[in-house]
Amino acid sequence: MHPGISAEELVRQEDSEHYLRIAISEAIEDTLANENTRYCLGSVLNHVLMHQTVVGLEAKKQFEMLDAYPDLAIGCIGGGSNFAGFSFPFMMDKLQGKKNTEFIACESKAVPHTTRGVYTYDFGDTAETTPLAKMLTLGHKYACPPIHAGGLRYHGMAPLISYLINKKYMRSVAYTQSEIFEAAEILARTEGLIPAPETAHAIKCAIDEALACKKTGEAKVIAFNSSGHGLLDLSAYEMFLAGKLKEFEPAKIEVPKYVK
Amino acid sequence: MLSTNNSKKFFLGESDLPKQWYNILPDLPRPLPPIIDPATKAPGPGIVPRIFPKEILAQEFSQERRVDIPEEVREAYQLWRPTPLIRAVRLEKALKTPAKIYYKYEGVSPPGSHKPNTAIPQAYYNMKEGAKRLATETGAGQWGSALAFGCMMFGLDCTVYMVKASYDQKPYRRVLMELWDAEVHASPSTKTKAGREIRKRHPNSPGSLGIAISEAVEDALTHDEANYAIGSVFNHVLMHQTVIGLETKKQLESMDEYPDVIFGCIGGGSSFSGLFFPFYRDKVSGKAPKQTRFIAIEPTACPSITKGGYAYDHGDTARLTPLVKMYTLGHDFIPPPIHAGGLRYHGKAPILGVLASEKMIETVAYNQIEVFEAAKLFAQTEGIVPAPEPAHAIKAVIDEALRCKETGREETILFLLCGHGYFDMQAYDDYLHGKLKPYAYPAKEVQESMKKLRELYPWLANLTY
C-alpha cells in the first residue's frame, strides 16, 4: 500500500516505458507516418465492444438452454470490451425494461477509473494524438501502477461503459491484488481453472455476491465472464504464493478537465 | 449434435461422455509378456501390489474388454470433457492437400494436456481405498500438474518428484502444481535414499524420469499412508486414456467419416494409445470400414522403438520396479536436453511393444528442428500453439498430407493434439532464435545399454516370452 502518495509520485517511481498510453502514441505515430499501415485498437472503441458481443449472445442462448437468466452479470474492466461483450446482450433486455439484471464492472484499486475517476472528455493517449472522448478517466497522464493484471492498466474507460455507469445502469467495484489472487486461488482449487489476473477481479466479485446470497438465502443466478486463462501469468501466482505481492492505491487522484 | 459437414469443430454433449473405458488386453495379437520379478527370476509383480490400490491392480491385469467409469470420475471429467474434434481446414489449405485433417484437442483440460484422463481415476480409486497421499514423478510437469489436479479433486495430498533440469528451467508448471496444493521436490532430492545416492555420485545430476520414478516409488514403499501413481506406460493408464478415442469415434461417426491413418506422439505411449485403441478394436473385430494405419512418432533424441531394443528392462534407474518387456534405450538412459520433456523416457508401454513387434503399428522419428517448423506452421494456420510433444505428430501429419498432394489421394487423417504449448514458450523462443540442435541419439549408446542389461541379468536370455 502506498498511502499518501499521489499519482505523479507513482509515475516517478516507475520507468515510463511501462505505460500502455505511451505505446498507443507510438503505434498511432507509426500509422500516421506510413501510408500502408493502419492502426488497430484492442478495446475502448464502440466497434471493438460490438465485436465482443458474440460472447454475450452465445451466453444468452446457453442460458436459454438452461431455462435460466442471470440476476447478476459480472466482468472485469480494463478498456471495457470483454465485459461489454458479455453483458450488452443482457443489457439490451434491461434497457427495454424486460429484465432487471444487476451489472457489476470490476476494476483494480490501483487503476480505479470508474470508482474514482471523473466523467469528462479526455485523450486516449499520452501524446494527445487521439481525439477527445467523453469517458470515466483518471486523466491521460495517470501513472498506472505495475499491477499484474496488465490488461486493466489503462487510464480511461470505454465511452459506452462510462455512459452506462454514469446513468446507473451498471455499478462498479474495485479490489486490491491480494483480494483478487485469493479469489483466483479458490477458483483454481475448486473448478481447476487458473484465471488470468484480470479475470480474477470478476471472480472476486462473484464469490462476494455468492457469499452474500449465503447470508440472505437468495438463490441468485450469477454469471461472470471468464475472459482468459492465467497460464502465461504464473510468475504473478508465484509471487502471490510467496506472499510477495505489493499493493498500490493512490491516496489522491486529480483529473484535469479539458472540456466542460 | 450440432455439427454438419461444413463445421470446423465437432462437439459432443456431456451425455455422450463414455460410460466405459476400452481395455485392449483381450484383443492383443498375442498375450502380453508377463512382468518378471528380478528377485525370483520368474513371473511375478514384484513391488507393484504394494504401491497401487486393488482396483488399479485389477485393471492392470484385467481381461474384461469394457470397464465401467465410476460416476464420480465422469463428473470430474465433465469439467472439460468431451473435448472438441477439430478439422484443420486452414492447414489443409496452406498445404494444398486433398487430404482431410482432423485433430482431437486435449489441451482444453485445466492442466492443458490429456494427462488428467488417468490422474482423475487414479486419485479416485486411491481415495476410495483409504490412501491419504500419492507420490509421483514428473518430467516437464504435465503429469505432475495433472496428478496435483486429480488429488485436489478427491482431497488427497500429492508429492511430486520433478526432474531437476525441468524444475530449474520451467518454474511455471511447478507453480501450477503448488497452486493445486502439491508438494514439489527437485529430483534427485534429499528426501529419498535413491535420490541421496545419486546426488552423492553425481552432485550435478540434471535428473531423469527414471531417477524421479525411483524416488516416488521409494516414497510410496516407505510410507503407509502413501501410494504411487504413474502417468503412462502401464496398461491401466492406457485404458483410462481411451476416453479420447471413444469420443473421437462418435464425433467422426456423426459426419460419416473414418480415418485412413492415425498419428500420435509417444513418450510412454498413453496419449496415442488412448486415441487409436478404439479404432484398433474396430480393425480386429472386423468392423472397420478401412484398413486404418496407426503411426507413432518419437523424437530422434529418444528413439526407443526406431533404434532401441525390445527387451526386459526396469522402468526406473534405481531398479526398484520389476522387469517388463518393452522397447527401451536402457534404464540408465539420460535424455539429451530436448524440449519435448514428455517424450524423454527410456521405455515405451509394453502393450505398444507387442503391437510394434507384431507390425500392427508403425513408428517414425523426427528431430526437434523439423518438429518446431511443423509446430510453427500449425500455429500460423490453426492458431493453437501446440506443445512440443504433439508437434511431433503434426510433423508426420504434414508429411502425409504432402504425400497425398503428390498422389492425389483424398485420405482422412486423424491425429491427437494432446496438449497446448503455453508452458513451452522458452522452447519456441529458442527455436525462433535458431538455438535448437537436431539431436539424434547414437545407436552405439543403445547397444552399450543393451549389453549392460544382458550382463546384469544373464538369465534373461533364457526367457521365452
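Reader: How many cavities of 30 Å³ or more does a search of the whole structure find?

Author: It finds 5. A cavity here is a set of points on a 1 Å grid over the protein atoms alone where a 1.4 Å probe fits but cannot get out. Keep in mind that this is a predicted model: local features need pLDDT of at least 70, side-chain atom pairs count only at pLDDT 80 or more, and totals for chains, interfaces and linings use all residues. Residues are numbered from 1 along each chain as its sequence is written, chains are lettered from A and ligands numbered from 1 in the order in which they are written, and side-chain values use heavy atoms, with hydrogens and water left out.

Reader: OK, how much space lies in the largest cavity?

Author: About 410 Å³, where a volume is the space filled by probe spheres set on the points, joined across faces, edges and corners. It has 34 lining residues (those with an atom within 4 Å of a point), and the closest to its centre are Lys115(B), Trp143(B), Ser232(B), Gly268(B) and Gly342(B).

Reader: Switching to pockets, what volume has the largest one?

Author: The largest pocket has about 2,600 Å³. A pocket is an open set with protein on both sides within 12 Å along at least five of seven lines. Of its 49 lining residues, the closest to its centre are Glu58(A), Gln62(A), Phe11(B), Leu79(B) and Val108(B).

Reader: Which element gives the largest share of that lining?

Author: α4(A), with 8 residues. Helices (H or I, at least four residues) and strands (E, at least two) are DSSP runs, numbered from the N terminus.

Reader: New topic: at what angle do α5 and α6 of chain A pack?

Author: About 50°, with their axes 11 Å apart. Axes are lines fitted to C-alpha atoms, for helices over the stretch in contact, and angles run from 0 to 180 degrees between N-to-C directions. α5(A) and α6(A) are therefore oblique to each other, since angles under 35 degrees count as roughly parallel, over 145 as roughly antiparallel, 65 to 115 as roughly perpendicular and the rest as oblique.

Reader: And which residues meet there?

Author: Phe83(A), Ala84(A), Phe88(A) and Met91(A) from α5(A) meet Leu160(A), Ile161(A) and Leu164(A) from α6(A), with contact meaning heavy atoms within 4.5 Å. By class, that contact has 7 nonpolar, no polar and no charged residues.

How values were computed:
Ala, Val, Leu, Ile, Met, Phe, Trp, Tyr, Cys and Pro count as nonpolar, Asp, Glu, Lys and Arg as charged, and the others, Gly among them, as polar.
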